[in-house]
Each structure stands twice: as structure tokens, then as C-alpha cells.
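Here are my notes on the charged pairs. Please read them with the model open.

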Amino acid sequence: MASTLRIKVNGLVHSVTASLDTPLLYVLHNELHLHGPRFGCGLAQCGACSVLLDGKEIRSCVTPVAAVSGKTITTLEGLPALWAKERGTTGAVPQLHPVQQAWIDMQAPECGYCQNGMMIQAIDLLSTTKHPSELQIKQALNGHLCRCGTYTGIIQAIQRAAHLMVKGG
């Protein structure tokens, strides 16, 4: 049975109609038309569907929409505004979060399908570890699959993002 829920996504409160057990990913795609998080495996094993829930990475393909009520969801599309908020910047929101910019700088993606989850996980890691070692990055990415095997570029992009974030963007 469908219910009307209010969820906060990328700083905006939305009313959505869905069954309480509907995966958050489906609501993000079908109701809010956000396509950063992607359907990969549907079993929380690949990371393509990752979003931030109150600043921590979760798998939206297995998270029921009812579980996010009263919490803040950030998708790939909301990362620039998140960065502006974290820095206390008033006025214009930057075009890209430093993690997104680092992905471009280091040309990390190949097909790009996994990149949403990789970037979301990188932001979760960098929120607690300002200068992660290569081992810490690899451990954080455990459970995120890149079918193209661009892990070296992803690690370099996270290292670059850490540098950019310390500098302030």
C-alpha cells in the first residue's frame, strides 16, 4: 500500500508516494528523477547505488524509503551544495565538489557506471580522514566494484581530492 512520505534529498524536502518497503533507489530515480545513484546488483554488493545518509555511505538499492524519514540524503547531484555547506560558503554553489573535480583531473572513469558509488564512498572517507593512505583508500573502497578495473585512477583521484579539500576546494 502506497504512503506519502517526506524525505530530504540534496537539501530539499520532497513529498513522495511509495510503499514503505520500496527501495530508496527507486524513489530517487522514479519519483525525483535523480540518476547519479545507479542500479547495479540490487544486493548491496557493488556500490553503484550509494548515497550519503546523514553523511555516511549507504546502499540505496536495499534501504527501504521508510528508513530515511527524518534524515538527510545526498546524491551525486547534491555534492556541490554539500561542499558549500561544509565550508560555510554563502552565495553561489560551486559547480563541482572537489571529489568530482579530482575525478576529472585524474581522468578516473572509463565507462563511468561505478563512479557514483566510488565518489560517494570517497566523500565518506574524506569526511573523517583528511590524508588517507593508499591502504585506507583501498579498505574504504572494499565492496565497490569497478568492472573496467580503473582502481588505480580512482585511488589517485581520491588522493587528489584530499589535497584539494585541504586547500579549500
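1. Start with helix 5 (residues 134-141). Glu134 and Lys138 both sit in this helix, 4 residues apart, or about one turn. Note that the model is a predicted one. The two side chains form a salt bridge, with an N to O distance of 3.2 Å.

2. Buried would require under 20%, and exposed over 50%.

3. Next, take Arg160 and Asp105. They make a salt bridge, and their closest N and O atoms are 3.1 Å apart. Arg160 belongs to helix 6 (residues 151-167) and Asp105 to helix 3 (residues 98-105), so this pair ties together parts that are 55 residues apart in sequence.

4. Arg160 is partly exposed, at 29% relative accessible area. Asp105 is also partly exposed, at 34%.

5. Which residue forms a salt bridge with Glu57? The partner is Arg59, and the closest N and O atoms are 2.6 Å apart. Both Glu57 and Arg59 are buried. Each therefore has a relative accessible area under 20%.

6. For the overall count, the structure holds 4 salt bridges. Among them are Glu57 with Arg59, Arg160 with Asp105, and Glu134 with Lys138. As background, side chains of opposite charge can pair when their charged atoms come close.

Methods:
Residues are numbered from 1 along each chain as its sequence is written. This is a predicted model: local features need pLDDT of at least 70, side-chain atom pairs count only at pLDDT 80 or more; totals for chains, interfaces and linings use all residues. Side-chain values use heavy atoms; hydrogens and water are left out. Buried means under 20% relative accessible area, exposed over 50%, partly exposed in between (1.4 Å probe, protein chains only). Helices (H or I, at least four residues) and strands (E, at least two) are DSSP runs, numbered from the N terminus.
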